[in-house]
Amino acid sequence: MIYFLIYLFAEVFITIEIATQIGGLATFFEIVFSAFLGIFILMNFRHTLSENLDALRTRQIDMQGFSNRNIMGLLGAILLILPGFLCDFIGILMQFSLLGTLIINRFTRKYPPHNTTQTTRKDDYVIDAEIIDDTPSLR
């Protein structure tokens, strides 16, 4: 709740400061343009999803990266649709992978990689030894 209030205060303060500098008409056009940009991103999300599926299929990214990229794109597009300069700034930055990954990783669950699981194999407790035959011809 406190984070939402801090965000709301920053959004109102930044929007008022920028709107007084650029004027009401430019603010209106910025809000409409960013909303159309967010809608455009949402309408073309299927292409982004297919590219991410191809990257997942060819093992260029793992499942965590796949979900981060998709959540980041959707959340960034929704933030672009919402009015306000701070929303638009964060929405545009979330379309790039670095900031979105930092934000998404802050709130998502961490999964260990598949190759570092703590399963033991059958041969983990075998001691290597040399077997000596008892035949008299070898002595």
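## Overall fold

The secondary structure comes to six helices and zero strands. The model is a predicted one. From the N terminus on, its elements run α-α-α-α-α-α.

The protein has 139 residues, and 21% of them count as buried. Contacts between residues at least 6 apart in sequence were also sorted by separation. Of these, 58% join residues at least 24 apart.

## H1 against H5

Helix H1 spans residues 2-22. Helix H5 spans residues 85-94. The axes of H1 and H5 come within 7 Å and cross at roughly 100 degrees. An angle from 65 to 115 degrees counts as roughly perpendicular, so H1 is roughly perpendicular to H5.

Which residues make the contact? From H1 come Tyr-7, Ala-10, Glu-11, Ile-14, Thr-15, Ile-18, Ala-19 and Ile-22. From H5 come Phe-85, Leu-86 and Cys-87. By class, the contact of H1 with H5 has nine nonpolar residues, one polar and one charged.

## Thr-27 in H2

Thr-27 lies in helix H2, residues 24-43. Is Thr-27 buried or exposed? Its relative accessibility is 9%. Buried means under 20%, so Thr-27 counts as buried.

Leaving out residues up to four places away in sequence, Thr-27 touches Ala-19, Ile-22 and Phe-85.

## Aromatic pairs

How many aromatic pairs does a search of the whole structure find? It finds two. The rings of Phe-9 and Phe-13 have their centres 6.1 Å apart, with planes at 15 degrees. Planes under 30 degrees apart count as stacked, so this pair, Phe-9 with Phe-13, is stacked. Both residues lie in H1, four residues apart, about one turn of the helix. Phe-9 counts as exposed, at 63% relative accessibility. Phe-13 counts as partly exposed, at 49%.

The other pair is Phe-28 with Phe-29. Their ring centres lie 5.7 Å apart. Their planes stand at 55 degrees, so the pair is tilted. Phe-28 has 49% relative accessibility and counts as partly exposed.

The structure holds one salt bridge. Which side chains meet in it? They are those of Arg-57 and Asp-54, at 3.3 Å, N to O. Side chains of opposite charge can pair when their charged atoms come close.

Both partners sit in helix H3, residues 45-57. Arg-57 and Asp-54 are three residues apart, so about one helical turn separates them. Arg-57 is exposed, with a relative accessible area of 61%. Asp-54 is partly exposed, with a relative accessible area of 40%.

## Arg-59 in the loop

Where does Arg-59 lie? Arg-59 lies in the loop between H3 and helix H4, the latter covering 63-81. Arg-59 is not a glycine, yet it has a positive phi of about 60 degrees.

Is Arg-59 buried or exposed? Its relative accessibility is 76%. Exposed means over 50%, so Arg-59 counts as exposed.

Notes:
Residues numbered from 1 in each chain as written. Predicted model: local features only at pLDDT ≥ 70, side-chain atom pairs only at ≥ 80, totals over all residues. Heavy atoms only, no water. Phe/Tyr/Trp six-rings, centres within 6.5 Å; stacked < 30°, edge-to-face > 60°. Helix = DSSP H or I, 4+ residues; strand = E, 2+ residues; numbered from the N terminus. Buried < 20%, exposed > 50% of the residue type's maximum accessible area, 1.4 Å probe, protein only. Axes fitted to C-alpha atoms, helices over the stretch in contact; angles between N-to-C directions. Parallel < 35°, antiparallel > 145°, perpendicular 65-115°, else oblique. Contact = heavy atoms within 4.5 Å. Nonpolar A, V, L, I, M, F, W, Y, C, P; charged D, E, K, R; others polar. Salt bridge = Lys/Arg side-chain N within 4 Å of Asp/Glu carboxyl O.
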